[in-house]
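Visitor: Please take a close look at one part of this model, the open sheet, and at the nonpolar packing that goes with it.

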Amino acid sequence: MGRGKCSAILVSLGFTLLVCSASVVAAETHVVGDSKGWGFSVSYDSWSSGKTFAAGDTLVFNYQAGVHNAVAVSSSEYRSCKVRSASDAAATASGTARFDLRKGVNYFICGVPGHCAAGMKIRVVAN
C-alpha cells in the first residue's frame, strides 16, 4: 500500500508540473515592421493585426539612427502625436529601441515632428 500511495503522489506531482510548465509561455520578441523596420513604408495597423501579443513580450524597433526614434506614449499622446518630453524621444534615437509590453493597450510613436502624423505610430494590445 505504501508504494501505491507514493506512485500516485509522484504521478500527481508530475502532472501538476506538466500543467504548470505548459501554462508558462516564453515571452516572444516581435520586430516591428519585420524586415522593413520602423519607417514610412509599413502600415503598422496591418502589421500588428495578424499577430498575438502577450504581456512580457518585447517589441523591437529598428530604424535609421538620427532620422527616426521610437517612444512609448499614453493614449492621448498617441492620438495627438505629441511626445511628452524631448528627452524621451532623444533616448531612443540610436537606431534600435526595445520595449517590454505590459498587459492591455500599449502605444508607440516616432517623436520626430510630422512622422507620427505620417503613419509612424502603432497600438498593440497585449493579453
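Guide: Strands here are DSSP runs (E, at least two residues), as helices are (H or I, at least four), numbered from the N terminus, and two strands count as paired if DSSP finds at least two bridges between them. This is a predicted model: local features need pLDDT of at least 70, side-chain atom pairs count only at pLDDT 80 or more, and totals for chains, interfaces and linings use all residues. Residues are numbered from 1 along each chain as its sequence is written, and side-chain values use heavy atoms, with hydrogens and water left out.

The open sheet has three strands in the order E3-E5-E6, with antiparallel pairing. Strand E3 (71-73) and strand E6 (121-126) each have a single partner strand and stand at the edges, so one side of each lacks a neighbour in the sheet. Direction ignored, neighbouring strands are turned by 30° against each other on average (axes are lines fitted to C-alpha atoms, for helices over the stretch in contact; angles run from 0 to 180 degrees between N-to-C directions). E3 is joined to strand E5 (residues 104-109) by three bridges, and Val73 stands opposite Tyr107 in E5.

A nonpolar core is a set of buried Ala, Val, Leu, Ile, Met, Phe, Trp, Tyr and Cys residues joined through side-chain atoms within 4.5 Å; buried means under 20% relative accessible area, exposed over 50%, partly exposed in between (1.4 Å probe, protein chains only). The largest such core has 19 residues, and Ile122 is among those with the most contacts inside it. Helix H2 (44-49), strand E2 (58-62), strand E4 (96-100) and E6 each give two or more residues to this core; E6 gives the most, three. Apart from this core lies another, of six residues, including Tyr107.
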